[in-house]
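The following exercises concern a single protein chain. Please work through each task before reading its solution.

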Amino acid sequence: MSARTEQPTETAIQPQGSHHWVVTLEIPGRLTSTQSSTFTPPQGWTRRDAFAAIRDELARDNPDLARANVTFFALEPNQL
């Protein structure tokens with residue numbers, strides 16, 4: 001019988017984007033969705049470009065959100 005030595009495994013840390021965002025979308029009386037993540041916008045993008053890309057991505061995942069009202073949106077540099 002051989003002794004087994006377990007080596008700790010490192011969890012791969014996923015790189016984060018340069019910006020952190022939070023958005024709340026609402027279809028009154030039906031659905032409210034708050035989501036957040038990070039991303040790195042391409043060179044030259046504006047806050048408006050980032051907002052449109054984030055909203056489009058959320059709508060691809062849930063088509064009902066394409067018609068939702070935006071009740072909150074924040075986009076900040078991802079740093080302390």
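**Exercise 1.** What should the 15 residues of helix H1 (residues 47-61) span at 1.5 Å a residue, and how far apart are its end C-alpha atoms?

*Solution.* The model is predicted, local features need pLDDT of at least 70, side-chain atom pairs count only at pLDDT 80 or more, and totals for chains, interfaces and linings use all residues. Residues are numbered from 1 along each chain as its sequence is written, and side-chain values use heavy atoms, without hydrogens and water. Helices are DSSP runs of H or I with at least four residues, strands are runs of E with at least two, and both are numbered from the N terminus. The expected span is 1.5 Å times one less than the number of residues. For H1 this gives 21 Å, and the end C-alpha atoms are 21 Å apart, which agrees.

**Exercise 2.** Determine how the buried residues of H1 are arranged.

*Solution.* Buried means under 20% relative accessible area, exposed over 50%, and partly exposed in between (1.4 Å probe, protein chains only). In H1, the residues Ala50, Ile54, Leu58 and Ala59 are buried. Seen down the helix axis, the buried residues fall within an arc of 165°, so they line one face of H1; the arc is taken from the directions from the axis to the C-beta atoms. Arg48 and Arg60, on the other side of H1, are exposed.

**Exercise 3.** Locate Arg30 and identify its partners.

*Solution.* Arg30 lies in the loop between strand E1 (19-27) and strand E2 (31-39). Its relative accessible area is 53%, so Arg30 is exposed. Beyond neighbours within four places in sequence, Arg30 is in contact (heavy atoms within 4.5 Å) with Asp64 and Arg67.
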